[in-house]
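This briefing walks through selected features of a predicted model. Please look over the sequence and the structure before reading the points below.

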Amino acid sequence: MCSYIVEKARLSGSAKGASGWMRIDTANVYFDHPYHAPFDHALGIDFVCEADGARERVAVEISAQSARELVKSILAALASGEQAHAQAAE
Amino acid sequence: MTYPSLIAETVSFRGHKGDQGEAYSARPTRAGKFPGVVVIHHMPGWDEWITEVVRKFAHHGFAAISPHLYFRDGPGNPDDVGARVRAAGGVPDEQVVGDVAGAMALLRAQPSHNGKIGTIGFCSGGRHAYLCGCRIPDLDAVVDCWGGNVVVDDKSQLNAKRPVAPIDLTEQLRAPLLGIFGNDDQNPNADQVNRTEATLKRLGKTYEFHRYDGAGHAFFNTSRPAHRPEQAADGWEKVFAFLRKHLAA
């Protein structure tokens, strides 16, 4: 199906795209037909800066299973990284 | 035998409110008069597959055009432009109707035009095709390929851009309608397809519906795992037969 549903995650950081680094403030997250990835549906994330007009994006299209694994990896990296940095600070 | 020659090009057209945008167009190069077809792309945007569809129509003797429905959010690569439109919640129905009417005007202006025009849309474009059939009185044929949200069960999905479920405009449909659906599709699901057919029947509309087992959404699309070669081949035959019948001069 073609969906208009987009989850918007507010965030702070930078992303590197076709024209170099840019600041980003939003991730548009959706599960729909991809443009490039060879799946019927894919989890798409477009990192953009709405404050700058959102004309550029850094995009990914990944399978549903990949997306779930990525979520776990992000949480795992945060947990181990924050723990390591906390220990280093002690 | 020889394959028919065709010309394909990106052209400029005037869409809703006279806005100037771009469209992909293809037509046979041989002498003669050809019916027109407006090809409506799906939600992700004006992609390579839709240009293949336009050329396919030209190969089969139609003058086809696919307006870039997101041109106002350009410039940029169609995928990036599509992402902007998605983030903004899509394009307004009224604007799509105006853009399709503008593409029709460009077809009518071609010296080789035979006077008849149909439209075909895929996915969200199928919904747009159904909508245009109800809103543009001089369309001669409409093909809805698995258009989702023609029937809107959750009224909270209606908004300023999509204020009315197309099914509720069916009374205004004047052109014959062809519907192509996969029985494994979830949007539209089999019940929604049945209800659409029931509405067309109740209102005495001219229509053909073809439902395919072993197929879901977007089963014509050769670039996706959803592609079902056997069902798609039969579906294309149905599309061409329908349009040749209703778009003959």
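B:Asn149 is buried, because 24 other C-beta atoms lie within 10 Å and 20 or more are enough for that label. Phi of B:Asn149 is near 65 degrees, a positive value in a residue other than glycine. The residue sits in the loop between E6 and E7 of chain B. The model is a predicted one, and the points below are grouped by topic.

**Backbone in the loops of chain B**

- B:Trp146 also has a positive phi, of about 45 degrees, although it is not a glycine.
- The loop that holds B:Trp146 runs between strand E6 (141-145) and E7 of chain B.
- B:Trp146 counts as buried because it has 32 other C-beta atoms within 10 Å, where 20 or more are required.
- A cis peptide bond links B:Gly74 to B:Pro75, with omega near 5 degrees.
- B:Pro75 belongs to the loop between strand E4 (63-67) and helix H2 (78-87) of chain B.
- Another cis peptide bond leads from B:Asn187 to B:Pro188, and its omega is near 10 degrees.
- B:Pro188 is placed in the loop between strand E7 (177-182) and helix H5 (190-202) of chain B.

**The nonpolar core**

- The largest nonpolar core contains 68 residues.
- Those with the most contacts inside this core are B:Val39, B:Val54 and B:Ala64.
- Helix H3 (residues 93-108) of chain B supplies the largest share of the core, six residues.
- Leaving out residues up to four places away in sequence, B:Val39 touches B:Ile50, B:Val53, B:Val54, B:Phe57, B:Ala64, B:Ile65, B:Ser66 and B:Ile120.

- Twelve of the twelve residues of H4(B) are buried, so the helix is largely enclosed by the rest of the structure.
- The buried residues of H4(B) include B:Ser124, B:Gly125, B:Gly126, B:Tyr130 and B:Cys134.
- Among the elements that cover the buried residues of H4(B) are strand E3 (34-40), H3, strand E5 (113-122), E6 and E7 of chain B.
- At 1.5 Å a residue, the twelve residues of H4(B) should span 16 Å, and this agrees with its end C-alpha atoms, which are 16 Å apart.

**Packing of H3 against H4 in chain B**

- H3(B) and helix H4 (residues 124-135) of chain B pack at an angle of about 75 degrees, and their axes are 10 Å apart.
- H3(B) is therefore roughly perpendicular to H4(B), a term used for angles of 65 to 115 degrees.
- On the H3(B) side, the contact is made by B:Asp93, B:Val96, B:Val97 and B:Val100.
- On the H4(B) side, B:His128, B:Leu131, B:Cys132 and B:Arg135 make the contact.
- Sorted by class, the contact of H3(B) with H4(B) has five nonpolar, one polar and two charged residues.

**Contact between the chains**

- Chain A gives 16 residues to the contact and chain B gives 24 residues.
- Strand E2 (residues 20-32) of chain A provides three residues, the largest share of the side of chain A that touches chain B.
- The residues on that side of chain A divide into ten nonpolar, two polar and four charged.

Methods
Residues numbered from 1 in each chain as written. Chains lettered and ligands numbered in written order. Predicted model: local features only at pLDDT ≥ 70, side-chain atom pairs only at ≥ 80, totals over all residues. Core = buried A, V, L, I, M, F, W, Y, C linked by C-beta atoms within 7 Å. Helix = DSSP H or I, 4+ residues; strand = E, 2+ residues; numbered from the N terminus. Contact = placed C-beta atoms within 7 Å. Axes fitted to C-alpha atoms, helices over the stretch in contact; angles between N-to-C directions. Parallel < 35°, antiparallel > 145°, perpendicular 65-115°, else oblique. Nonpolar A, V, L, I, M, F, W, Y, C, P; charged D, E, K, R; others polar. Expected span 1.5 Å × (residues − 1).
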